[in-house]
Amino acid sequence: MKLVAIVGTNAEKSYNRELLHYMQHHFSAQVSMTVAEIDQVPLFKEPSKDAELPAAVQTLADQIDAADGVIIGVPEYDHAVPAALKSVIEWLSYSVHPLNGKPLMIVGTSLGIQGTSRAQDELRLILNSPGVGATVLPGNEFMLSFAPKAFDDQGSLVDQKTISFLESCFVHFTQLVKMQNGTPALAVKWQGNYDVIVLGFGGAGASAARFAADNGARVLVVETAPYGREGGNTRYSAQHVVMGENLKDLTDYYHGLNGAFVTPEKTLQAYLRGMSQIPAYFENYLGIKAVSWKHDVKPGDAVDMKKTMAEYPELKGSETVDFALVHKRDKDAGLWKVLRQEVMDRTDKIDVWLESRAQKLIQEPGTGIIRGVQIKRHDQVINVHAKNGVVLAMGGFENNPELVQTYLHSKRLTPLGTLYNRGDGVKMAQTVGAKMWHMANYESHGVLPGLTFKEADNERGRQLNWPLLKQGSILVTADDGTRYFPEDAPHRHGHIKTHGSWLIPMKNLHPYLIFDQAQYNDFKQELATNGRLPYPQFMDKLISADSLAKLATQMNVPADNLAKTVARFNQFKAAGEDYEFGRHVESMRAFDDGPYYSIAVANDVLNTQGGPERNEKAQILGVNNQPIPHLYGAGELGGIVSNCYQGGGNLAECLIFGKLAGEQAATEKADADDVEADDVNGVNDIVDTENAAKVDLGANQYLGSSNSGLGGKITVRVTYRAQQIENVEVVQHHESEDVGLVAVDQVPKEIVAANSTDVDAISGASASSRAIKEAVQDALKHVK
């Protein structure tokens, strides 16, 4: 709904002007309001027949024509309307008539107690006169007395009763506008009705849902992933939530991270204020005393040690950066399990749909209000109404090849996180006119900067710190068989320093790691020593040849280039300096005479940051920079990162903007509509699935469980007889679909073979391995 609010005076100081600007901001989630001045409109003088209207008059007339309704803020001078306003109305009723039939609301302020009652009565008579013909809102007279004391320093009304009365008057006005303009009714058959719909069940969606519920809303959470795969990238993250003690230092640091890019300061400050209050957030809302990495983590704790908390320690303010953990362990989905449980503790208010894919936002014509969501569930298309708000918390677009090619300039990026971030939120937001930001920004990791081992489509890539990949007679080649970055480069979420900027190395269609026989022997020795390699498929995926020329043919790169690349590498080692890329020479070993080996690697993505822009209230903005009514956002979809990324920042964003979005979406809206539809209400797929999981036990069989798995609960059935573990069956788990499944398959066999839970963890699946061993130990406690 588009409104124009006219300041009914040409005075430089006007409390009516202040009131209209307050209304513009206060009702921004419901309408788009323009405040118009009349100080440039000349005193009315009947023009000659062919004279053009004064420019200021024409501009105001055009604004009124384009608006759905008009508000006039009228002061009272000598028991009447100001002469300047009367003159404006005469201009607008002489040769042009933009007010004719236009819905109009009158408000007014005064210095004393009387208000503007006489001026409002006179203005109603004028507006109802022939030639003017406005449709004035009957009754609902909003008159603000003692205006100098009514506003605070920020221009906001201070009295809640006054605000409530203004909101009541405004509801009646918007209803008049809809009726007068014949706003088309939505031809939608609703099957369900909630106060708030949250799209996405990761960290942001879980946070938004619980805070919406805590603010009295009935909530539906819609997630594309199946049971056990929910959690988005929050589940796969390291569980580090960035925080900082000093807001000023955080501000300096994030201004430095943004660099030349500009994030609206109000939005940035909402994020940083929340970041500075993370310990209180953990305690007040998660019931946990946050573990400070800087102050609480000690050598020997099951947490990777950090040389510095800040990812960019050279920037001003970086010394304040710290991380919050839910316990002294990381990379175990600990935070995600806490957030998930907060939702499950509120199943009386929150329904969760899994394997359900939101298809489009249902937007009301004319007003632009988001009224609900169309969802595809079990091959059915269902329309679900949202009374007060929809929250987009659907993650990024890393699994959408079309969007990856459009915005990230790559044919394909191998995902390191969830496989279910498909860019649906980007497309849905674009369809309703959302403004996009940060679309070219993404983070990486992998086994080398920006690279992971090549996997089949729809498979996650690996994230490993494997020293043998970056020291010795080993290098990375681009599509033309040449090197393109220093293999031992320290990287910051995949970014390495390139000519003074931190960038992810260039993307190639078929990059490779190549190495010689000596390096191969090192890999064989690591395998023999440890019994496995960090990447179990490594040896199986190698290609080899007795010459570089033959290897180049298999790699589909120019043989001359590959030979020259290896020769230059050897020359740099002999010279004591890598003149091409600056790799530390002590990490280099000259290539021998073969045979030679290579393994395909691929460009990867940890998460994308782009999507619809949100403001400090988590409202999603339209292309006109005004909030789209009833639409909110949180998390990586439209994330706040515009340039360099600080680790733990997206998790903080999930918590901070998830809370804001949930609270704002749950707020009762003046323009909410009531719908009677509950055919699909009351379904919770997680509750139903867990209730259905019943395990039968035979003789000498015992049930055990652990909540330490990456996906949550793992349950095992152990057959134990005569001091012997005869069998271990994993009967329930939610582990990841790649290396986690290796642990589910292998660890039980190793426990049975060793007749003990004291077996090695599967590399890259330590959380899953530990949970299986804990579950077996739990089962054995029941042996009598």
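1. Pairing of S8 and S12. In this predicted model, strand S8 (residues 219–222) pairs with S12 in the parallel sense, and the pairing runs over four bridges. Within this arrangement, valine 219 stands opposite isoleucine 350 of S12.

2. Burial of S12. Strand S12 spans residues 350–353 and is covered on both faces. Ile350 and Val352 are buried on one side, while Asp351 and Trp353 are buried on the other.

3. Cysteines. A search of the whole structure returns zero disulfides. Cysteine 169 counts as buried because its relative accessibility is 0%, below the 20% cut-off. Cysteine 654 likewise counts as buried, with a relative accessibility of 6%.

4. A nonpolar surface patch. Leu697, Leu703 and Val731 form a nonpolar patch on the surface, and together they have about 210 Å² of accessible area. Leucine 697 lies in the loop between helix H20 (685–692) and strand S30 (701–709). Its relative accessible area is 44%, so leucine 697 is classed as partly exposed.

5. The chain as a whole. The chain contains 22 helices and 32 strands, and its C-alpha atoms fill a box of roughly 100 × 70 × 50 Å along the principal axes. Of its 784 residues, 57% count as buried. The chain exposes about 32,700 Å², of which carbon and sulfur atoms supply 48%.

6. Contacts across the sequence. Among contacts between residues at least 6 apart in sequence, 74% join residues at least 24 apart.

Note on methods
Residues numbered from 1 in each chain as written. Predicted model: local features only at pLDDT ≥ 70, side-chain atom pairs only at ≥ 80, totals over all residues. Heavy atoms only, no water. Patch = residues over 30% accessible without salt bridge, like charges linked within 9 Å, V, L, I, M, F, W, Y side chains within 5 Å. Areas by Shrake-Rupley, 256 points an atom, 1.4 Å probe, with all protein chains shown as cover. Salt bridge = Lys/Arg side-chain N within 4 Å of Asp/Glu carboxyl O. Helix = DSSP H or I, 4+ residues; strand = E, 2+ residues; numbered from the N terminus. Buried < 20%, exposed > 50% of the residue type's maximum accessible area, 1.4 Å probe, protein only. Pairing = 2+ DSSP bridges. Disulfide = S-S within 2.5 Å. Contact = heavy atoms within 4.5 Å.
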